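These are my notebook entries on a structure that is new to me.

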Amino acid sequence: MPTFDWLYYTRYHPPKLPRPQKTGPVKRTPGRLPRVPFTPAQLSALEDAYKVSTYLSSEEANQLAYSLELTNTRVKIWFQNRRARDRREKREASLMTGGAAATFTSESHPTHCTLLPPLYATVGSAASGSRTGSHPSSPSSVEASAGGRQSRSPTTDQSY
């Protein structure tokens, strides 16, 4: 009886088929243009503009793009990537120097950095507005914030 190889192939064990070898450069996705690197003159002009200001107005971006013979989009993306590189280098430098706590300073997050009072203060009196070392809803802190009201605890007050 003849054997049929195809009977032994499954979805997870497909046949080994000879494939043509791909030679030459890798083809890009259809409709996508090849990557064109910046010239050294363009890079130096972009870096000089970045040293003046890390953010460009739309008019400045248009002028820079026109003077460098680039598209407005390429200039904007270059500035985005350059700011990201600055942030990454600052983060790596702070980790190298051991300043991991310096990554969330008010400089790096000016709009998100707010100083809140500690929830559980260990020093201070209830009259001055700070809390004691207990949980805010515990009976001792409720008594302290009640302005000197008498305790209603069954162990201290027997007048029901």
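Entry one, a pair within one helix. I began with aspartate 86 and arginine 82, which are four residues apart in helix 3 and therefore separated by about one helical turn; helices here are DSSP runs of H or I with at least four residues, numbered from the N terminus. The two form a salt bridge, with the closest N and O atoms 2.8 Å apart, where a salt bridge is a side-chain nitrogen of Lys or Arg within 4 Å of a carboxyl oxygen of Asp or Glu. I noted that aspartate 86 is partly exposed, at a relative accessible area of 24%, whereas arginine 82 is buried, at 12%. For these words I used under 20% relative accessible area for buried, over 50% for exposed and partly exposed in between, with a 1.4 Å probe and protein chains only.

Entry two, the sources. The model is predicted, so I kept in mind that local features need pLDDT of at least 70 and side-chain atom pairs count only at pLDDT 80 or more, while totals for chains, interfaces and linings use all residues. Residues are numbered from 1 along each chain as its sequence is written, and side-chain values use heavy atoms, with hydrogens and water left out.

Which residue forms a salt bridge with glutamate 47? I found arginine 82, with the closest N and O atoms 3.0 Å apart; this pair links distant parts of the chain, since glutamate 47 is in helix 1 and arginine 82 in helix 3, 35 residues apart. Glutamate 47 also meets arginine 85 in a salt bridge of 3.9 Å, N to O, and because arginine 85 lies in helix 3, that pair ties together parts 38 residues apart in sequence. Arginine 85 is partly exposed, with a relative accessible area of 32%. My search of the whole structure gave four salt bridges, and Glu47, Arg82, Arg85, Asp86 and Glu89 are linked in a network of them.

Buried in helix 3 are Val75, Trp78, Phe79, Arg82, Arg83 and Ser94, and the buried residues pack against helix 1 (40–52) and helix 2 (58–68). After helix 3 comes glycine 98, whose phi is positive, near 85°.

Technical notes. Helix = DSSP H or I, 4+ residues; strand = E, 2+ residues; numbered from the N terminus. Contact = heavy atoms within 4.5 Å.
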